[in-house]
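User: Could you take me through the salt bridges and the sheet in this model, giving the reasoning behind each label?

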Amino acid sequence: MTSTALPDTAPQTAAGKVLWHFTMSLDGFIAGPNHAMDWMGGIVNLRPDITQEYTSTTGAILGGRDGFEAFPDADSTYDGSWQAPVFILTHHPEDAPATPNTVFLNCGVAEAVRIGLEAAGGKNLEILSASIGRQALELGLIDDIDLHIAPVLLGDGIRLFDNPGGSPVALELVNGNHPRAEINVRYRPIRTGSSS
């Protein structure tokens, strides 16, 4: 009997790629309301050294102003273990607070990606913004969408891909032998207040 289990993704390499990278709830949210991230407490990634994998292969990060306003300390990225340029795309850089390791850009998404890739110096540029990621995807600038799906339903917040009225975007599964395969997951609600 052959196994049909889906293999894990191959570790990231520093290949000058543009990654749209997030931990996401099962219902498609990358943050709660007002960019809240407290829902991630207690979530475990069983892949050893996953943080080291991304910190060693990422040369720069591109984010948006709303996410920056919620988390203005760029030095806390990857729990403070990553130190490199963070670019924040905003229409109003003049009123942005001066922050170490953060550069504010007022340009189009394509130009911001070009600047970020240049600063990444051959490593990957991570996009940590739903809106910027969607725009970069529309421009054909995303190389990989790298998601870690968390066992939680948020029901509200910032969606990974919010594009009302837009067309579906077909994706290719990288870690499998069939690029159009669906992924099957099974979760069970944790019942609070009941004995097991």
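Analyst: Happy to; what follows takes the labels one at a time, for a model that is predicted.

User: What makes R47 and E53 a salt bridge?

Analyst: The cut-off is a side-chain nitrogen of Lys or Arg within 4 Å of a carboxyl oxygen of Asp or Glu. For R47 and E53 the N to O distance is 2.8 Å, so the pair meets the definition. Both residues are buried.

User: How many salt bridges does this rule give?

Analyst: The count comes to seven. R65, E69 and D95 are linked in a network of them.

User: Why is R114 called partly exposed?

Analyst: Its relative accessibility is 42%. Buried means under 20% and exposed means over 50%, so a value in between is called partly exposed. E111 has a relative accessible area of 33%, so the label is partly exposed here too. The side chains of R114 and E111 meet in a salt bridge, at 2.7 Å from N to O. Both residues lie in helix 3 (residues 109-120), three residues apart, which is about one turn of the helix.

User: And R134: is that residue buried or exposed?

Analyst: R134 has a relative accessible area of 19%. The limit for buried is under 20%, so R134 is called buried. Its salt-bridge partner is E138, with the closest N and O atoms 3.2 Å apart.

User: Why are R134 and E138 separated by about one helical turn?

Analyst: Because the two residues are four apart in helix 4 (residues 130-138).

User: Now the sheet. Which strand order does it have?

Analyst: It is an open sheet of six strands in the order 5-4-3-6-1-7, with parallel pairing.

User: What makes strand 5 and strand 7 edge strands?

Analyst: Strand 5 (102-105) and strand 7 (144-150) each have a single partner strand, so one side of each has no neighbour in the sheet. From one strand to the next, the twist averages 25°.

User: How do you know that strand 3 and strand 6 pair?

Analyst: Pairing needs at least two bridges between the strands. Strand 3 (residues 58-64) and strand 6 (residues 124-128) have five, in the parallel sense, so they count as a pair. One of the residues involved is G63, whose bridge partner in strand 6 is L128.

User: Which strands do helix 3 and helix 4 lie across?

Analyst: Helix 3 lies across strands 1, 3, 4, 5 and 6, and runs at about 155° to strand 3. Helix 4 lies across strands 1, 3, 4 and 6, running at about 135° to strand 1.

Terms used:
Residues numbered from 1 in each chain as written. Predicted model: local features only at pLDDT ≥ 70, side-chain atom pairs only at ≥ 80, totals over all residues. Heavy atoms only, no water. Buried < 20%, exposed > 50% of the residue type's maximum accessible area, 1.4 Å probe, protein only. Axes fitted to C-alpha atoms, helices over the stretch in contact; angles between N-to-C directions. Contact = heavy atoms within 4.5 Å.
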